[in-house]
Amino acid sequence: MDVGIFMVYLHLLFAFVWVGILIALPLLIIPVLKGEERYRDYLNRIGYRMRFFGWLALTGLLVTGLWNMFDRQLYRNPILHLKLTLFGILVIITLIHDVMGPGEGNLRLIRLLGRATLPITLLIILLAVVMLRGTLF
């Protein structure tokens, strides 16, 4: 298998893991735990576990994305520049979200930051499609 194809494949796998985490938590895990007596404890434990895979996915996306950028000579593409900027914002938001943790005073901000990651991620994916297709329509 060609190394370039393999790196694109890995990039997609890391994207699937990241999006899966972003969708699984609010749509599957939180609704199930909502009525539990130890809701926050369970949510914190699950979030801590998912954090490892989230950072693994983001790191993998960075490494494979940079590889693909240089391999395909896309470093002058303005859409890629926007995509990289959004990725940087996504990493900063995720870092703040994870560092602040589940403290009572930070709960509203943590929720807001956590909710911001999915739309940013979906916009990055849309930009990737535009890069491949050349246009949105």
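Helices (H or I, at least four residues) and strands (E, at least two) are DSSP runs, numbered from the N terminus. This is a predicted model, in which local features need pLDDT of at least 70, side-chain atom pairs count only at pLDDT 80 or more, and totals for chains, interfaces and linings use all residues. Residues are numbered from 1 along each chain as its sequence is written, and side-chain values use heavy atoms, with hydrogens and water left out.

**Exercise 1. The overall chain**

Task: Find how many helices and strands the chain has, and state its extent along the principal axes.

Solution. 
- Step 1. Count the elements: four helices and zero strands.
- Step 2. Read along the sequence. The pattern is α-α-α-α.
- Step 3. Take the C-alpha trace. It spans about 50 × 30 × 30 Å along its principal axes.
- Step 4. Turn to burial. Buried means under 20% relative accessible area, exposed over 50%, and partly exposed in between (1.4 Å probe, protein chains only). The chain has 137 residues, and 30% of them count as buried.

**Exercise 2. Two helix pairs**

Task: Describe how H3 packs with H4, then how H2 packs with H3.

Solution. 
- Step 1. Know what to report. Two packed helices are described by the angle between their axes and the distance between the axes. Axes are lines fitted to C-alpha atoms, for helices over the stretch in contact, and angles run from 0 to 180 degrees between N-to-C directions.
- Step 2. Start with H3 (residues 78-100) and H4 (residues 107-133). Their axes come within 9 Å and cross at roughly 160 degrees.
- Step 3. Classify the angle. Under 35 degrees counts as roughly parallel, over 145 as roughly antiparallel, 65 to 115 as roughly perpendicular and the rest as oblique. H3 and H4 are therefore roughly antiparallel to each other.
- Step 4. A crossing is left-handed if the near helix is turned anticlockwise from the far one by less than a right angle, and right-handed if clockwise. H3 passes H4 in a left-handed crossing.
- Step 5. Sort the contact residues of H3 with H4: 21 nonpolar, five polar and one charged. Here Ala, Val, Leu, Ile, Met, Phe, Trp, Tyr, Cys and Pro count as nonpolar, Asp, Glu, Lys and Arg as charged, and the others, Gly among them, as polar.
- Step 6. Move to H2 and H3. Their axes are 12 Å apart, at an angle of about 160 degrees. H2 and H3 are therefore roughly antiparallel as well, and H2 passes H3 in a left-handed crossing.

**Exercise 3. Two pockets**

Task: Give the volume of the largest pocket and of the second largest pocket, and say what lines each one.

Solution. 
- Step 1. On a 1 Å grid over the protein atoms alone, a pocket is an open set of points with protein on both sides within 12 Å along at least five of seven lines, and lining residues have an atom within 4 Å of a point. A volume is the space filled by probe spheres set on the points, which are joined across faces, edges and corners.
- Step 2. Take the largest pocket. It holds about 990 Å³ of space. Of its 29 lining residues, Leu25, Ile30, His97, Ile110 and Gly114 are the closest to its centre.
- Step 3. Trace that lining. H2 gives the largest share, ten residues. By class there are 15 nonpolar, eight polar and six charged residues.
- Step 4. Take the second largest pocket. Its volume is about 740 Å³. It is lined by 28 residues, and His11, Leu12, Lys83, Ile124 and Ala128 lie nearest its centre.
- Step 5. Sort this second lining: 21 nonpolar, five polar and two charged residues.

**Exercise 4. The segment after H4**

Task: Locate Thr135 and classify its accessibility.

Solution. 
- Step 1. Thr135 is in the segment after H4.
- Step 2. At 42% relative accessibility, Thr135 counts as partly exposed.
- Step 3. Thr135 and Leu66 are 69 residues apart in sequence and 22 Å apart in space, C-alpha to C-alpha.

Terms used. On a 1 Å grid over the protein atoms alone, a cavity is a set of points where a 1.4 Å probe fits but cannot get out, and a pocket is an open set with protein on both sides within 12 Å along at least five of seven lines; lining residues have an atom within 4 Å of a point.
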